[in-house]
Amino acid sequence: MALHGAQARAQRRRVRLQVGLLLLAACAPPAGPESAIELRGSSMGTTYSIVLASLPKGLAADTLHAEIRGILEAANDQMSTYRASSELSRFNASSSTDWFRVSEGTRTVVAEALRISRLSGGAFDVTVGPVVDLWGFGAAGPSAVAPTRERIDAALREIGYASLHVRSSPPAIRKERPELRVDLSGIAKGFAVDRIARHLEGAGIRNFLVELGGELRAHGSSPREDPWRVAIEKPSPQGTAIQQVIRLENRALATSGDYRRYRVENGARYSHIIDPRTGSPVSHALASVSVVDASAMRADALATALMVLGPAEGLRVAERDGLAVLFLVKRGERFAEVSTPEFERYRLE
Ligand code: ADP
Ligand code: MG
C-alpha cells in the first residue's frame, strides 16, 4: 500500500503498538509551535500510550499522568487476577455462592462480558480459565503434551457463563458453583481505555488518542489537526507491514489475532484464546479481527469473541448485529479481507 506526503512521513516515524497495530498520525510532527504530549507507561501486563495535541491551561503533564495511573491502578485493584487482593481475585478465591459486593467498574465489565457471551453463543466466556490452564496457557505454565479428551470434558463441566450472575443495586456478582472463577483479560483493557478517555474529556481535553495493549480510542483530531489515522497490521510474527489504514473519530478500535499466539503477562503468564464450546485453542484460518465501536470495552470483548467464532460464523454474527468488523483470513501466503458494510466508512482509501 502506497502512502503519500504527510502519511509517509508519519509512517517513517511510526510507533509500533503491541497487538498488531501501528499508529500513524500520533507520531507525526505537531502542526503548531506547541509540541504534542505523549504519556507512556506499563499496566495490566502491557504498555499504554496517550497522545494529546495540547494540555489545557493550568494542567501539568505530570499531574495528568498521575491521574491516569490512578485510573489504571483502580482497574487493577478491581479486576486483576494477578493481584491476590483485587476484588475479582477475592471473588475467585471465595467458595460462597451468595452475592459478592463489587465496585461499579467490576459490575459494568462483568455485565458487558455476559452480554457478549450471549450474543456470541458462548464463544466469549470469562469463566473459561480451567480450560486455558489445561492447555498450558494459565498460571501453571506451559505443558508438554495436549490434554486428553477426558480431561478437557471434565474442565468444560466446570465452566460456563450461565453460572455467573450480576446485579446492579447494590453492585454485586454471584456464582452458582463455588469453583467457578472469572478472568476478565479479554475485556478489561478496553474498559480501562474508556475510563481514561472519560477522564480526559472531564479535564476539558478534546483531542486525544488512548492506547493500552493495542486496544485504543481516538477523539477529536490529531496533533496535525486532521483525523486520527491508525493502521491495522498485516498479520505476521514480525509484523512490519500495513494492511489497512483507518480513520477514527470518537471511536474505539480493538484487534484480536492468533499470529502472536501468546504473550508474557506480568513476566509470568502466557495466555491464549480458547473456544469454550469445544475446549480447544482456536485453530481456523482467521489471522486477525479488528472491531470499531463506540465503546472500547465492547470492541475488546467482541474482537476476542469473533476470533473464537472464526471467519464464517463471526461474519454472520457481525452482520446480524451491524458491527464494524474487518477479518483478515489466511489464504496460503496472503491474507484475504472480509469486512462488514459498517467497517467501510472507516477505511482510508
Ligand atoms: P486478544 O487481544 O488477542 O483478543 P485479549 O487480551 O483481548 O486478547 O483476550 C485474551 C485473554 O482472554 C486471554 O488472556 C485469556 O485469559 C482470555 N480468554 C481466552 N479465551 C477466551 C474466551 N473464549 N472468552 C473470554 N476470554 C478468553
Ligand atoms: Mg479482547
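A polar contact is a pair of N or O atoms within 3.5 Å; within protein, one atom must be able to donate a hydrogen and the other to accept it, and residues adjacent in sequence count only if both atoms belong to side chains. By this criterion, a nitrogen atom of ligand 1 lies 2.9 Å from a polar backbone atom of Asp 125. The structure is a predicted model, in which local features need pLDDT of at least 70 and side-chain atom pairs count only at pLDDT 80 or more, while totals for chains, interfaces and linings use all residues. Residues are numbered from 1 along each chain as its sequence is written, chains are lettered from A and ligands numbered from 1 in the order in which they are written, and side-chain values use heavy atoms, with hydrogens and water left out.

## Ligand 1

| Residue | Protein atom | Ligand 1 atom | Distance |
|---|---|---|---|
| Asp 125 | polar backbone atom | nitrogen | 2.9 Å |
| Asp 300 | side-chain N or O | oxygen | 3.2 Å |
| Thr 304 | polar side-chain atom | oxygen | 2.8 Å |

On its own, ligand 1 has 570 Å² of accessible area, and the protein covers 96% of it. Strand E12 (251–257) and helix H8 (296–320) are the elements that give two or more residues to the shell around the ligand. Accessible areas come from the Shrake-Rupley method with a 1.4 Å probe; for residues, only the protein chains shown count as cover. Helices (H or I, at least four residues) and strands (E, at least two) are DSSP runs numbered from the N terminus.

In total, 21 residues surround ligand 1, and the closest are Asp 183, Lys 189, Ser 256, Ile 274 and Thr 304. A residue belongs to these surroundings if one of its heavy atoms lies within 4 Å of the ligand. By class, the shell has seven nonpolar, eight polar and six charged residues. Here Ala, Val, Leu, Ile, Met, Phe, Trp, Tyr, Cys and Pro count as nonpolar, Asp, Glu, Lys and Arg as charged, and the others, Gly among them, as polar.

## The chain as a whole

The secondary structure comes to nine helices and 19 strands. Of the 349 residues in the chain, 55% are buried; buried means under 20% relative accessible area, exposed over 50%, and partly exposed in between (1.4 Å probe, protein chains only). The accessible surface of the chain is about 15000 Å², and carbon and sulfur atoms hold 48% of it. Among contacts with a separation of 6 or more, 64% join residues 24 or more positions apart, where contact means heavy atoms within 4.5 Å.

## Helix H6

In helix H6 (residues 149–158), the residues Ile 152, Ala 155 and Leu 156 are buried. Because they cover an arc of only 105° around the axis, they lie on the same side of H6; the arc is that of the directions from the helix axis to the C-beta atoms. An α-helix has 3.6 residues a turn, so residues three or four places apart point the same way. The face turned away from the buried side of H6 carries the exposed residues Glu 150, Arg 151 and Arg 157. Helix H5 (129–134) is included in what covers the buried residues of H6. After H6 comes Gly 160, with a positive phi near 135°.

## Individual buried residues

Val 110 is found in helix H4 (residues 104–119) and is buried at 1% relative accessibility. Beyond its neighbours within four places in sequence, Val 110 is in contact with Leu 164, Val 166, Ile 173 and Leu 184. Val 110 and His 165 are 55 residues apart in sequence, and their C-alpha atoms are 8.4 Å apart.

Thr 340 sits in the loop between strand E19 (334–339) and helix H9 (341–344). Thr 340 also counts as buried, at 1% relative accessibility. Its side chain reaches the backbone oxygen of Leu 323 at 2.6 Å. Not counting residues up to four places away in sequence, Thr 340 touches Leu 315, Ala 318, Glu 319, Leu 323, Ala 324 and Val 325.

## Backbone geometry in loops

Most residues other than glycine have a negative phi, and most peptide bonds are trans. Met 44, in the loop between strand E3 (37–43) and strand E4 (46–52), has a positive phi near 55° and is buried at 16% relative accessibility. Glu 225, in the loop between strand E9 (215–219) and strand E10 (228–233), has a positive phi near 65° and is exposed, with a relative accessible area of 65%. The peptide bond from Ser 169 to Pro 170 is cis, with omega near -5°; Pro 170 lies in the loop between strand E6 (164–167) and strand E7 (172–175).
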